[in-house]
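Colleague: I have a new model open and would like to learn how to read it. Could you walk me through it, one feature at a time?

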Amino acid sequence: MYVCICKGVTDHKIRESVEGGARSWREVQGETGCGTQCGKCACVAKHITREAIVNEMAASVDDLAYAV
């Protein structure tokens, strides 16, 4: 789904940015340009960013190995 019409940013692009290492809205915004023109998309984009970061952090915890 398109989140930012002004810059043509989709929810997939935001998630890809987080998967690529972005860990804040500011980093996602810098990479994608989302929310930098009219700003109407910022609330939805921030929500998607937070959700993606939580999912990414949970996935990294699941990848940890524990010594037995």
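Colleague: Leaving aside its neighbours within four places in sequence, which residues is Cys34 in contact with?

Modeller: Contact means that heavy atoms lie within 4.5 Å. Beyond those sequence neighbours, Cys34 is in contact with Val3, Cys4, Val9, Ile14, Trp25, Gln29, Cys41 and Ala45. A word on the source: this is a predicted model, where local features need pLDDT of at least 70 and side-chain atom pairs count only at pLDDT 80 or more, while totals for chains, interfaces and linings use all residues. Residues are numbered from 1 along each chain as its sequence is written, and side-chain values use heavy atoms, with hydrogens and water left out.

Colleague: Good to know. Which elements does the chain have, and in what order do they run from the N terminus?

Modeller: Helices (H or I, at least four residues) and strands (E, at least two) are DSSP runs, numbered from the N terminus. Here there are 3 helices and 2 strands, in the order β-β-α-α-α. Strand S2 covers residues 9–10 and holds Thr10.

Colleague: Is Thr10 buried or exposed?

Modeller: Thr10 has 18%, so the residue counts as buried. Apart from neighbours within four places, Thr10 touches Met1, Tyr2 and Val3. Over the whole chain, buried residues make up 32% of the 68 residues.

Colleague: Which residues have the most contacts inside the largest nonpolar core?

Modeller: A nonpolar core is a set of buried Ala, Val, Leu, Ile, Met, Phe, Trp, Tyr and Cys residues joined through side-chain atoms within 4.5 Å. The largest one has 15 residues, and those with the most contacts inside it are Val3, Ile14, Trp25, Val28, Cys34 and Ala45. Strand S1 (2–4), H1, helix H2 (25–32) and H3 each supply at least two residues of this core. H3 gives the largest share, 5 residues.

Colleague: Now a single helix. Which residues of H1 are buried?

Modeller: An α-helix has 3.6 residues a turn, so residues three or four places apart point the same way. In H1, the buried residues are Asp11, Ile14, Ser17 and Val18. They sit on the same side of H1, because they cover an arc of only 120 degrees around the axis, the arc being that of the directions from the helix axis to the C-beta atoms. His12 and Glu19 are exposed on the other side of H1. Just after the helix, Gly21 takes a positive phi of about 125 degrees.

Colleague: And how many salt bridges does the structure hold?

Modeller: Side chains of opposite charge can pair when their charged atoms come close. The term salt bridge is used for a side-chain nitrogen of Lys or Arg within 4 Å of a carboxyl oxygen of Asp or Glu. There are 2 of them. Asp11 and Arg15 meet at 2.8 Å, N to O; both lie in H1 (residues 11–19), 4 residues apart, about one turn of the helix.

Colleague: Which residue does Glu51 meet in a salt bridge?

Modeller: Glu51 meets Arg15, at 3.3 Å, N to O. This pair links distant parts of the chain, with Glu51 in helix H3 (residues 42–62) and Arg15 in H1, 36 residues apart.

How values were computed:
Buried < 20%, exposed > 50% of the residue type's maximum accessible area, 1.4 Å probe, protein only.
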